[in-house]
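Me: Hi! Could you walk me through this model when you have a minute? I'd like the overall picture and a few residues.

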Amino acid sequence: MPKIVSENEKQRIKGLMFEKGVDLIRQKGIKKVTVEDITKAAGIGKGSFYLYYDSKEELLYDIVKRCETNMFNRIEALKGENIDKREKAIKAAKEIYLAPDSIILYVSPTDLENLLHRLPSEIYEKENEKAKDYFKRTSEIFEIDETVCDVNVLSQLMDALSFVASNSNSFYSEGRQKALDILVTAIAEYIAGEDS
């Protein structure tokens with residue numbers, strides 16, 4: 001006879017799968033996480049995974065979206081702070097790349113694109129629309145003047161920040177934090193129009 005699981009227990013297990021999934025993404029990268037890794041870490045049978053998610057991609061998408069929403073909410077909260085544009089940009093960059101719960105360093109744009117292609121097409125389309133909205137909202141929060149701040153340059157600067165932040169080679173660890181601080185400050189000054 002199959003084990004009957006209460007709604008509370010289902011939510012607890014789903015939360016545990018989420019938590020362990022985040023840990024696994026940080027340890028292995030999103031491409032290398034398997035259903036077996038998740039179920040083993042969560043202490044459930046491999047077949048039980050499918051009681052909670054239809055696929056590994058669905059769980060990974062849930063993780064990415066929840067982490068993204070949490071991060072964006074924190075960034076949006078900066079809108080209400082009485083600080084200048086440069087300071088907002090510094091705080092935002094630190095939230096995006098350096099916050100302890102950020103997974104952005106472990107999920108490249110290519111990884112996300114590949115994940116979205118494995119999900120139903122309506123999710124892919126919805127995400128493209130949401131990305132446009134996020135960019136628009138972020139531009140408003142930081143009062144980005146596109147006549148002063150070229151978004152293509154900003155994108156390259158953010159890629160450089162992502163590269164340095166994700167380089168965990170212990171040989172360079174002493175210089176890593178200093179490099180991150182320099183990049184965050186430079187990006188903030190560029191957004192604020194102070195690089196002229």
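**Chat about the model**

Reply: Happy to, and let's begin with Val22, which lies in helix H1 (residues 7-28). Helices here are DSSP runs of H or I with at least four residues, strands are runs of E with at least two, and both are numbered from the N terminus.

Me: Before we go on, what kind of model is this?

Reply: This is a predicted model, where local features need pLDDT of at least 70, side-chain atom pairs count only at pLDDT 80 or more, and totals for chains, interfaces and linings use all residues. Residues are numbered from 1 along each chain as its sequence is written, and side-chain values use heavy atoms, with hydrogens and water left out.

Me: Thanks! Back to Val22: buried or exposed?

Reply: Val22 counts as buried, at 7% relative accessibility. Buried means under 20% relative accessible area, exposed means over 50%, and partly exposed is in between, using a 1.4 Å probe and protein chains only.

Me: And what does Val22 touch?

Reply: Not counting residues up to four places away in sequence, Val22 touches Ile63, Cys67 and Ile103. A contact here means heavy atoms within 4.5 Å.

Me: How far is Val22 from Arg137?

Reply: Their C-alpha atoms are 26 Å apart in space, and the two residues are 115 apart in sequence.

Me: Let's zoom out. How many helices and strands are there in the chain?

Reply: The chain has 8 helices and 0 strands. Read from the N terminus, the order is α-α-α-α-α-α-α-α.

Me: What does the C-alpha trace span?

Reply: It spans about 70 × 40 × 30 Å along its principal axes. Of the 196 residues in the chain, 34% are buried. If you take contacts between residues at least 6 apart in sequence, 66% of them join residues at least 24 apart.

Me: What about the surface and the charges?

Reply: The chain exposes about 11,900 Å², and carbon and sulfur atoms supply 51% of that. Those areas come from the Shrake-Rupley method with a 1.4 Å probe, and for residues only the protein chains shown count as cover. On the charge side there are 29 positive and 35 negative charges, with mean positions 6 Å apart. Lys and Arg count as positive and Asp and Glu as negative, while His and the chain ends are not counted. Each charge is placed at NZ of Lys, CZ of Arg, CG of Asp or CD of Glu.

Me: New topic: how many aromatic pairs are there?

Reply: The count comes to 2 aromatic pairs. Rings of Phe, Tyr and Trp (its six-membered ring) pair if their centres lie within 6.5 Å; planes under 30 degrees apart are stacked, over 60 edge-to-face, and the rest tilted. Phe49 and Tyr50 make an edge-to-face pair, 5.0 Å centre to centre with 75° between the planes. Phe49 also pairs with Tyr53, and that pair is tilted, at 6.0 Å centre to centre and 35° between the planes.

Me: Which of those rings are hidden?

Reply: Phe49 is buried at a relative accessible area of 0%, and Tyr53 is buried at 2%. Tyr50 is partly exposed at 43%. Ring pairs link Phe49, Tyr50 and Tyr53 into a cluster.

Me: Which charged residue lies over the face of Tyr53?

Reply: That's Lys14, at 4.9 Å from the ring centre. Likewise, Arg66 lies over the face of Phe18, at 3.8 Å from the ring centre. The rule asks for NZ of Lys or CZ of Arg within 6 Å of the ring centre and within 35 degrees of the ring normal.

Me: Where is Lys88, and what is it in contact with?

Reply: Lys88 is found in helix H4 (residues 85-98), and Lys88 is buried, with a relative accessible area of 6%. Leaving aside neighbours within four places in sequence, its contacts include Leu78, Glu81, Ile141 and Glu143.

Me: And Glu127?

Reply: Glu127 lies in helix H6 (residues 121-141) and counts as buried at 8% relative accessibility. Beyond residues up to four places away in sequence, Glu127 touches Tyr61, Lys65, Glu68 and Leu116.

Me: Last one: where does Glu194 lie?

Reply: Glu194 lies in the segment after helix H8 (173-191). Glu194 is partly exposed, with a relative accessible area of 46%. Setting aside its neighbours within four places in sequence, Glu194 is in contact with Arg86 and Glu189.
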